[in-house]
Amino acid sequence: MTILIKNLSYSIDNNLNVYKNIDLLIKKEENGKIKITIGKNLMEKENLNQKDLKIIDGKNKCAMPGLTNTHTHIPMTLLRGISDDMILHDWLKEKIWVNEAKLTKEDVYYGSLLGCLEMLRFGITSFNDMYFFSEEILKATKEIGLKGTICYPIIDFGTPEHSNLDKLLNGAENFIKKYKDEKTVKPAIAPHAPYTCSENTYIKCKEIANKYNTILHTHISETRYEVVEMENNKNIRPVDYLNNLNILDKNTIVAHCVWITKDEAKTLTKTETKISHCPTSNMKLASGGVMPLVELLEYNKYNKYNANISLGTDGVASNNNMDILEQMKITSLLHKAHRWDPTVADLNTVLKMGINSQSIGFENNDIILIDLGAPHLRPIHNIKSNIVYSANGNDVDTVIINGKILMENKKFVFEDKFINNIYNNVDIIKEKFV
């Protein structure tokens with residue numbers, strides 16, 4: 001289907017150029033590629049035939065690239081609100097781990113469907129996930145129609161899916177082999193963190209990632225405690241530790257990085273390691289540190305290395321939603337407050353972070369429409385300002401992924417029966433938790 005969005009009030013492209021009073025044409029070519037054309041009077045200029053043409057009224061709408069969530073654990077939608085305002089160690093031990101141990105394959109499937117619906121509703125068109133029963137997450141992702149990099153998690157002491165490391169590593173390689181040729185989903189591998197995975201585990205995971213040219217995703221320097229423990233036990237900090245193991249490169253994505261030094265920031269940028277910034281989760285769990293965004297970007301500016309930074313929500317158990325528009329505002333305000341400098345984390349910086357699908361291997365050829373009709377989005381002096389500082393996920397009106405409309409006029413294309421089945425199963429699953 002060819003889609004023409006007529007009379008858009010605003011449109012923002014991948015380079016953050018702004019257009020006013022414009023048309024936007026989305027067309028899938030014979031080779032499967034999505035071609036996006038922007039201009040005035042495209043109906044006449046492109047000589048479009050109304051047959052097989054979907055026309056959307058763009059009045060009071062802003063078109064922009066789809067949003068990206070580069071670090072999450074989507075089945076944890078099942079644990080939304082199960083534990084708030086707790087110390088991290090108690091939160092994990094008393095609420096998270098004990099309840100995760102009860103999750104079945106089917107539970108993860110329904111939690112993933114719910115998470116994918118939530119992301120779709122908020123205009124997230126691609127994401128990067130790390131959770132057990134990865135095949136169920138991938139299945140749900142395809143069913144909803146999102147683009148996803150689905151990372152198979154590796155922990156030395158096992159997961160609810162496999163009880164030992166060898167089975168996990170074999171499972172990860174088989175998972176990647178099975179799905180490596182998929183177009184809209186990408187299998188990957190995820191050693192959990194330096195405090196749960198040995199040197200040998202990281203090396204084996206990287207060997208698998210290199211063998212299949214896929215992403216390696218891991219947590220790093222999320223808390224001061226884990227950094228101090230590594231310094232005490234190994235006399236090295238986590239970033240240097242992973243770099244010495246040859247883990248850091250352009251195919252590695254590290255999440256959090258809230259306790260890293262300026263030298264570690266240089267190492268991440270020199271190795272072209274991608275970084276997923278999760279400010280809301282870090283603040284809610286009181287991790288204490290703040291990712292040194294300014295240093296990462298300054299090092300990029302003056303030394304021409306790529307500080308490739310994107311935004312993640314983490315799981316909703318430590319965030320409570322997966323709203324990347326909300327995450328943009330929080331990111332900007334956090335760094336302004338932290339640095340006592342209102343010029344840092346500016347509009348363009350956080351917008352780029354919010355649409356950075358390239359960091360997880362996807363071309364951003366998806367389009368979302370923001371409804372500008374609400375009072376909190378008027379007047380419009382600067383459309384980028386309204387999106388970053390005023391909008392939230394509920395302002396997303398339409399979502400088009402890979403040339404297909406999955407939400408229009410804030411309504412999913414799925415039948416109510418399908419959605420109600422997800423909600424009913426989630427309500428049943430929650431009864432097993434404590």
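Reader: This is a predicted model. How is the expected span of a helix set?
Author: The expected span is built from the number of residues in the helix. Take one less than that number.

Reader: What span does helix α3 reach from its first C-alpha to its last?
Author: Helix α3 covers residues 105-121 and has 17 residues. At 1.5 Å a residue, 24 Å is expected. The helix comes close to that, reaching 24 Å.

Reader: How many residues of α3 are buried?
Author: Buried means under 20% relative accessible area. By that cut-off α3 is mostly covered. Of its 17 residues, the buried ones number 15.

Reader: Which residues of helix α4 are buried?
Author: Helix α4 runs over residues 134-144. Its buried residues include S134 and E136.

Reader: Is D85 buried or exposed?
Author: D85 sits in the loop between β6 and α2. Its phi is positive, about 60°, although D85 is not a glycine. Most residues other than glycine have a negative phi. The cut-off for exposed is over 50%, so D85, at 79% relative accessibility, counts as exposed.

Reader: And S221, buried or exposed?
Author: S221 lies in the loop between β10 and α7. Its phi is also positive, near 50°, in a residue other than glycine. The relative accessible area of S221 is 0%, so S221 is buried.

Reader: How many cavities of 30 Å³ or more does the structure hold, and what volume has the largest?
Author: A search of the whole structure finds two. D85 is one of the residues lining the largest, along with W91 and K284 among others. The lining has four nonpolar, two polar and three charged residues. The volume of this cavity is about 40 Å³.

Reader: Which helix gives the most to the lining of the second largest cavity?
Author: This cavity has a volume of about 30 Å³. Its lining divides into six nonpolar, three polar and no charged residues. Among them are H277, P279 and M283. The top contributor, with three residues, is helix α10.

Reader: Which element supplies the largest share of the lining of the largest pocket?
Author: The largest pocket has a volume of about 1100 Å³ and 37 lining residues. L92, W97, H192, Y195 and T196 lie nearest its centre. By class, the lining has 20 nonpolar, 11 polar and six charged residues. Seven residues, the largest share, come from α2.

Reader: Which element gives the most to the lining of the second largest pocket?
Author: About 650 Å³ of space lies in this pocket. Of its 29 lining residues, E182, K183, K186, G361 and F362 lie nearest the centre. The lining divides into eight nonpolar, 12 polar and nine charged residues. With three residues, the element that gives the most is β9.

Definitions and conventions: Residues are numbered from 1 along each chain as its sequence is written. This is a predicted model: local features need pLDDT of at least 70, side-chain atom pairs count only at pLDDT 80 or more; totals for chains, interfaces and linings use all residues. Side-chain values use heavy atoms; hydrogens and water are left out. Helices (H or I, at least four residues) and strands (E, at least two) are DSSP runs, numbered from the N terminus. Buried means under 20% relative accessible area, exposed over 50%, partly exposed in between (1.4 Å probe, protein chains only). On a 1 Å grid over the protein atoms alone, a cavity is a set of points where a 1.4 Å probe fits but cannot get out, and a pocket is an open set with protein on both sides within 12 Å along at least five of seven lines; lining residues have an atom within 4 Å of a point. Grid points are joined across faces, edges and corners, and a volume is the space filled by probe spheres set on the points. Ala, Val, Leu, Ile, Met, Phe, Trp, Tyr, Cys and Pro count as nonpolar, Asp, Glu, Lys and Arg as charged, and the others, Gly among them, as polar.
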